[in-house]
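Here are my notes on this model, point by point. Please read them with the structure open.

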Amino acid sequence: MRVLIEVVHIAIGLIAAALIAWASAWSYPRATGDIWLVTFVAMALVVLMGIGPIRRAYAIDRAKLDRKPEETVNG
């Protein structure tokens with residue numbers, strides 16, 4: 001579940017970057033190429049920065065699934 005949450009966070013970041021770029025390119029058409037170039041770099045960085053949290057979330061989820069039945073407590 002944690003991995004899904006982290007992937008959703010990355011997707012929201014990419015969508016936000018695209019919307020900001022679209023609005024910026026619309027408002028200043030002379031710099032459209034530069035705006036989108038910077039946006040694609042920013043989007044790549046968002047994905048790269050999301051790799052660490054995804055790996056940590058995967059490890060936590062994996063450890064939770066790999067627990068032996070006797071390690072869990074039934075309440």
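1. Start with aspartate 61. This is a predicted model, and in it aspartate 61 touches Met1, Arg2 and Val3, leaving out residues up to four places away in sequence. Aspartate 61 is found in helix 2. Is it buried or exposed? Its relative accessibility is 13%, so aspartate 61 counts as buried, the cut-off being under 20%.

2. Now the overall make-up. The chain has 2 helices and 0 strands. Of its 75 residues, 15% are buried. Take the contacts with a separation of 6 or more: residues 24 or more positions apart account for 67% of them.

3. How are the two helices arranged? Helix 1 and helix 2 pack at an angle of about 170 degrees. Their axes are 7 Å apart. An angle over 145 degrees counts as roughly antiparallel, so helix 1 is roughly antiparallel to helix 2. The residues of this contact divide into 19 nonpolar, 4 polar and 4 charged.

4. Helix 1 covers residues 2-27. With 26 residues at 1.5 Å a residue, helix 1 should span 38 Å. The end C-alpha atoms are 38 Å apart, which agrees. The buried residues of helix 1 are Ile10, Ala17, Ala21 and Ala25. These buried residues pack against helix 2.

5. Helix 2 covers residues 32-66. The same check applies. Its 35 residues should span 51 Å at 1.5 Å a residue. The end C-alpha atoms of helix 2 lie 50 Å apart, and this agrees. Where is the kink in helix 2? Look at isoleucine 51: the kink there is about 30 degrees, shortly before proline 53.

6. Which residues of helix 2 are buried? They are Ile35, Thr39, Met43, Gly50, Ala57 and Asp61. The partner is helix 1: the buried residues of helix 2 pack against it. Two of these residues, with their contacts, are taken up below.

7. Alanine 57 lies in helix 2. Its relative accessible area is 5%, under the 20% cut-off, so alanine 57 is buried. What does alanine 57 contact, leaving aside neighbours within four places in sequence? The partners are Arg2, Val3 and Glu6. Alanine 57 and arginine 2 are 55 residues apart in sequence, yet 5.3 Å apart in space, C-alpha to C-alpha.

8. Threonine 39 is also placed in helix 2. At 9% relative accessibility, threonine 39 counts as buried. Neighbours within four places in sequence aside, threonine 39 is in contact with Ala17 and Ala21. Both of those alanines, Ala17 and Ala21, are among the buried residues of helix 1.

9. Finish with tryptophan 22. Its place is in helix 1. Buried or exposed? The relative accessibility of tryptophan 22 is 54%, and the cut-off is over 50%, so this residue counts as exposed. How far is tryptophan 22 from threonine 39? They are 17 residues apart along the chain, and their C-alpha atoms are separated by 9.4 Å.

Terms used: Residues are numbered from 1 along each chain as its sequence is written. This is a predicted model: local features need pLDDT of at least 70, side-chain atom pairs count only at pLDDT 80 or more; totals for chains, interfaces and linings use all residues. Side-chain values use heavy atoms; hydrogens and water are left out. Helices (H or I, at least four residues) and strands (E, at least two) are DSSP runs, numbered from the N terminus. The expected span of a helix is 1.5 Å times one less than its number of residues. The bend at a residue is the angle between axes fitted to the seven residues ending there and the seven starting there. Buried means under 20% relative accessible area, exposed over 50%, partly exposed in between (1.4 Å probe, protein chains only). Contact means heavy atoms within 4.5 Å. Axes are lines fitted to C-alpha atoms, for helices over the stretch in contact, and angles run from 0 to 180 degrees between N-to-C directions. Angles under 35 degrees count as roughly parallel, over 145 as roughly antiparallel, 65 to 115 as roughly perpendicular and the rest as oblique. Ala, Val, Leu, Ile, Met, Phe, Trp, Tyr, Cys and Pro count as nonpolar, Asp, Glu, Lys and Arg as charged, and the others, Gly among them, as polar.
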